[in-house]
Amino acid sequence: MINSSLKQLGQQLASKQVSSVELTQAYLQRVTQLNPAINAFITLDEEKTLAQAKAADARIAAGDFGPLTGIPLAQKDIFCAKGWRTTCSSKMLETFIAPYDAHVISQFDAAGAVNLGKTNMDEFAMGSSNETSYFGGVKNPWDFDRVPGGSSGGSAAAVAARLCAAATGTDTGGSIRQPASLCGFTGLKPTYGLVSRYGMIAFASSLDQAGPMAKSAEDCALMLNVMAGFDERDSTSVNREKEDYTRGLAAMTGEQPLKGLRIGLPKEYFAEGLSAEVAKVIETAIAEYKKLGAVIVDISLPNNNLSIPVYYVLAPAEASSNLSRYDGVRYGHRAAEYNDLQQMYMKSRAEGFGAEVKRRILIGTYVLSAGYYDAYYLKAQQIRRLIAQDFVEAFKHCDVIMGPAAPSTAFKAGEKTSDPVAMYLEDLYTIAVNLAGLPGMSVPAGFTQSGDGKPLPVGLQIIGNYFDEARMLDVGHAYQQVTDWHTQMPAALENI
Ligand code: GLN
């Protein structure tokens with residue numbers, strides 16, 4: 001059961017082979033057993049979860065249900081969920097109970113899905129290893145000595161260890177795709193504006209986007225069907241017709257389902273910085289795509305090497321503004337002792353935020369300050385446009401772009417914590433996609449061997465043109481019809 005697809009689970013629920021309460025209890029039991037070691041979930045509320053499962057069973061009995069009704073999902077702790085503790089993995093919000101639902105949460109509620117619990121993450125989604133969390137790191141299920149990636153590390157480990165049927169994540173610079181690569185599952189960051197950011201705690205608003213984290217492209221399509229859609233409460237939500245992201249999947253069988261698909265390979269993605277082992281796995285995956293009928297086009301994204309510096313001006317600038325609301329007055333942590341208002345602000349923020357968050361606030365405040373605004377912030381915005389333009393040019397010659405999702409496989413916990421720049425380089429192939437507002441996904445493409453012989457997953461990144469998620473999911477699904485990387489799970493966890 002734990003390896004079943006969302007479609008299979010849906011069929012079992014619909015035909016009453018299993019009830020949502022039974023399914024939910026089975027997952028909760030697995031969580032009870034494995035979470036103390038993995039630390040994927042930071043908040044569980046069995047009562048609320050089972051109440052939702054019961055309600056789902058009632059809907060199924062009444063014949064009023066959809067593909068995700070009764071299915072237990074893990075929610076990244078960046079989404080406000082009414083009555084649930086919502087912390088963003090920060091001491092600042094350690095005791096915050098959300099008074100309302102994020103759009104994503106209410107969409108899943110309306111679909112009848114079950115909220116299994118809130119997952120660990122890097123503090124305010126700042127990080128690539130989940131090590132900046134106030135609630136401690138998360139273990140990579142493939143090798144407990146290694147990180148799951150970040151910032152959606154809890155959701156990633158939960159999907160990889162099969163602690164949930166699927167999960168949500170958010171991706172500001174790579175936080176769905178990089179953990180998907182490091183933990184071996186399928187994750188999709190949609191086009192900016194496709195999924196409403198309402199009730200999703202803000203990090204860098206012009207980049208943040210929520211998306212599905214699941215075993216397969218098909219599962220991601222079912223999740224995206226629920227998540228995507230116009231919401232007037234987010235001014236950047238795009239008002240376009242709802243799509244069925246599963247519509248093309250059935251045609252992805254037979255001899256050459258991708259005949260004529262033009263895959264662009266950016267030379268910058270296969271240059272210095274990419275581990276040789278990862279490169280080999282990606283090349284093998286590309287060869288598989290050729291068998292499926294695709295043709296390869298060499299392309300260039302000449303400004304890709306500027307994406308990390310540009311991001312680390314813009315994202316902190318936006319974060320410094322977004323995080324100014326945590327002042328100890330309205331909600332969040334407040335220092336116990338202070339002499340005046342100024343000191344109350346200072347102590348509350350000094351105590352409530354962790355080191356990486358403080359670093360970003362300082363950088364952001366600096367680049368926005370009067371004397372430096374033109375030199376840093378404005379310049380970064382100009383280069384952002386050039387980076388987006390590179391993709392416009394590239395998509396004149398290809399239908400999708402492929403490459404690695406991350407430069408290496410999962411690294412050891414502690415390995416990069418003292419070197420922020422090494423940590424930032426994790427997003428070398430993902431950040432430009434956010435800067436351009438494009439959709440990107442990572443699909444499991446194989447394994448390398450760690451030094452001690454453990455298999456470590458590698459993700460193939462598929463980047464699409466604006467709102468081309470349906471095609472990307474078809475492309476991922478076609479590959480998953482002829483490979484089984486996405487169905488593999490850590491051997492040690494299989495029989496638990
Ligand atoms: N690793 C990047 C950062 O630390 C991206 C994080 C994200 O996508 N939320 O900011």
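This is a predicted model: local features need pLDDT of at least 70, side-chain atom pairs count only at pLDDT 80 or more; totals for chains, interfaces and linings use all residues.
Which residue in E10 is the bridge partner of Leu188?

1. The UniProt annotation "domain: Amidase", from an unreviewed entry, covers residues 22–473. Over that range the chain is 36% helix and 14% strand.

2. Strand E5. The bridge partner of Leu188 in E10 is Met441. E5 and E10 (residues 440–449) run antiparallel, joined by three bridges. E5 also pairs with E6 (residues 210–214), again antiparallel, through two bridges. There, Gly187 has Met213 as its bridge partner.

3. Faces of E5. In a regular strand, side chains alternate between the two faces of the sheet. E5 spans residues 186–189, and both of its faces are covered. Thr186 and Leu188 are buried on one side. Gly187 and Lys189 are buried on the other. Note the lysine: Lys189 is among the buried residues of this strand.

4. A cis peptide bond. Most peptide bonds are trans. The bond from Gly150 to Ser151 is cis, with omega near 10°. Ser151 is found in the loop between strand E3 (114–119) and helix H5 (153–160). Check this bond in the model when viewing that loop.

5. Helix H5. Eight of the eight residues of H5 are buried, so the helix is largely enclosed by the rest of the structure. The buried residues are Gly153, Gly154, Ser155, Ala156, Ala157, Ala158, Val159 and Ala160.

6. Arg162 is not a glycine, and most residues other than glycine have a negative phi. Arg162 sits in the loop between H5 and strand E4 (166–170). Is Arg162 buried or exposed? It counts as buried, because its relative accessibility is 1%, under the 20% cut-off.

7. Ser89. This residue also has a positive phi, about 55°, although it is not a glycine. Ser89 lies in the loop between strand E2 (72–76) and helix H4 (103–111). Its relative accessibility is 0%, so Ser89 counts as buried.

8. Tyrosine patch. Which residues form a nonpolar patch on the surface? They are Tyr366, Tyr372 and Tyr376. Together they have about 290 Å² of accessible area. Tyr366 lies in helix H11 (residues 355–368). Tyr366 counts as partly exposed, because its relative accessibility is 40%. That value falls between the 20% and 50% cut-offs.

9. Arg384. This arginine is in helix H12 (residues 373–394). Ser15 lies elsewhere: Arg384 and Ser15 are 369 residues apart in sequence, and their C-alpha atoms are 51 Å apart in space.

10. Points to keep in view. The backbone features are the cis bond from Gly150 to Ser151, the positive phi of Ser89 and the positive phi of Arg162. Ser89 is buried, and Arg162 is buried. For strand pairing, E5 is joined to E6 and to E10.

Terms used. Residues are numbered from 1 along each chain as its sequence is written. Side-chain values use heavy atoms; hydrogens and water are left out. UniProt positions are given in the numbering used here, feature names are shortened, and annotations may be inferred rather than shown by experiment. Helices (H or I, at least four residues) and strands (E, at least two) are DSSP runs, numbered from the N terminus. Buried means under 20% relative accessible area, exposed over 50%, partly exposed in between (1.4 Å probe, protein chains only). Two strands pair if DSSP finds at least two bridges between them. Patches are made of residues with over 30% relative accessible area and no salt bridge: like charges are joined within 9 Å, nonpolar side chains (Val, Leu, Ile, Met, Phe, Trp, Tyr) within 5 Å. Accessible areas come from the Shrake-Rupley method with a 1.4 Å probe; for residues, only the protein chains shown count as cover. A salt bridge is a side-chain nitrogen of Lys or Arg within 4 Å of a carboxyl oxygen of Asp or Glu.
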